[in-house]
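Here are some notes on the model for your file. Please read them with the structure open.

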Amino acid sequence: MLKSTDNFCRQAVLYFIFIWFGIMVFAPNLLVLLASFLSRDPVWYLRLPLNLQNYAALSDPQLMSVILKSLNLAFCTTLFCLLIAYPFTYFIARFAKEYRALFLMLIIVPFWTNSLIRNYALISILSENGLLNTFLIKWGLISQPLKLLYTDLAVFVGMVYTLLPFMILPLYAVLEKLDLNLLEAAEDLGAGATAAFFRVIVPISLPGITAGCIMVFLPALTLFYVSDILGAADSAIVGSVIRDQFVVIKDWPVGAAINIALTIFMLFLLHLYYKSGNSVDQEQPIW
Amino acid sequence: MVRRILKYLYIAAVYLVLYVPLLVTIVFSFNNSSSADIWHGFTLKWYESLLTDKSLINSALRSLFLAAAAATSSTVVGTIIAIALHRYRFIGQRVVYGSLSVIMLSPEIIQGISLVMIFVILGIPLGFVTLLLSHTVFCFPFVTVTVLARLKGVNRNLAESGADLGASDVDIVRFILIPLILPAVFAGWLMSFTLSIDDVIISFFVGGKEYEILPLKIYSMVQTGIQPDVNALCAALFFATFVVVMLSYRLVRAKR
């Protein structure tokens, strides 16, 4: 039997949840969807009539080349982050509990300095007189300083640096729970170390791998400040294009259309994520 | 043995990569030149010039205040939602669950743009309120999942025996659940604070000129070149947050 105050509490909490999700989560995204079908207005940003022209703007060859280049960068960033993060996370997840907490804390600590500032600090490392060139010349590996800063390579380095923790944390969530007896069982059944790794450990950690890849790939398309700080004039990424549509050109409908295309792409990746297994499902923290 | 050493070297190398930019920032805050890449000797002059740079200090204080406020409101919202998901069955529950991970996985630019559009349409001027609401939106799911994970480990009989002994829902939450989930609530707060401090893109869209937070101020300085007193500020902030978080971490552990 519910008492009336309990009933009141339940109602109040549920109303709060519906209003919060309605106004702050669903309405904004529906608005972007609507805006992508509207026309541009110089004063109010948006006006009728409805049309599909904004999506036609997506096929612009110049925009296409930016998108393809950006996808390439995001793909390389994701792959590189995964290759660095997987062994690292696998190692630290095997330490005793009190050390693991410390290792995890050490991953979080750099976040307290805003990522914009940390990317700016990369300039001192990658510039012509920077740390990296100085070391390479001192060790005699090169005689002339390399042109690293303000290139696509610098943007790639910045992306890997910024997004590496977002690969480590979801991987950690699955690898921490890995039952080592499974490995022993695999070996008892005659699997070699390599086979055991690829046929037991990797499938179990697949949800963490997909979550990490999503959390790296999508930001790698959109962190425009990394390419602003470290890149050349032609290092624009998808995020820079969206930013320019909203802030510089003030063409909201086209900006919204690119945003919707990105959202559809994200939902496709999320679909893959849910299909990759339910061990990291909705009720589990992804990190 | 060799494999062990290689393993430790590898772990150390990854941490080195994560920390080198921070170390560079700290080292160059003591550099006796405004050069960002050549060492010219030790000085404290950037810390002195920082003390007179009111607008820079103010933007840093605004960032800290925003992060603390956003962490607190996300913790309240996130915890309420976690408890409701745990205790109640309601229509749309699966949608709420699903949206949590969608919010956590969606890139900031999608959230930033959708939020700025709703604020402009509703006529809310861009500034502290819009920053606070937006930061709460992208942080609360992290609180909810952390608290939910903890709630799953709470023995359901505890709440039931509370109810049998005549406790109301509010009493059960107040006297049974909240004390049990407190560590997760604290972890959620810390997570939200961290995410809020680190955010650039959402703040870029929903922030306003009259409440300029540190990353936006620095972003506007990037084109013209950043003065080393920014390095000094970042070094000081880093140590300050480090000390505060370590102290509160020890405090919470001592209480448990």
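This is a predicted model: local features need pLDDT of at least 70, side-chain atom pairs count only at pLDDT 80 or more; totals for chains, interfaces and linings use all residues.

1. Residues are numbered from 1 along each chain as its sequence is written, while chains are lettered from A and ligands numbered from 1 in the order in which they are written.

2. Chain B has 11 helices and 0 strands (DSSP runs numbered from the N terminus: H or I of at least four residues for helices, E of at least two for strands). Its C-alpha atoms fill a box of roughly 75 × 65 × 35 Å along the principal axes.

3. Of the 256 residues in chain B, 43% are buried (20 or more other C-beta atoms within 10 Å of the residue's own, with C-beta atoms placed from the backbone).

4. In chain B, the axes of helix α7 (residues 156–164) and helix α8 (residues 169–198) come within 10 Å and cross at roughly 140 degrees (axes are lines fitted to C-alpha atoms over the stretch in contact; angles run from 0 to 180 degrees between N-to-C directions). B:L158, B:A159, B:G162 and B:A163 in α7(B) meet B:D171, B:I172, B:I176 and B:L177 in α8(B).

5. Between the chains, 72 residues of chain A are in contact with 67 residues of chain B (C-beta atoms, placed from the backbone, within 7 Å). Helix α1 (residues 4–35) of chain A supplies the largest share of chain A's side, 18 residues.

Key: Two residues are in contact if their C-beta atoms, placed from the backbone, lie within 7 Å. A residue is buried if 20 or more other C-beta atoms lie within 10 Å of its own, exposed if 12 or fewer, and partly exposed in between; C-beta atoms are placed from the backbone.
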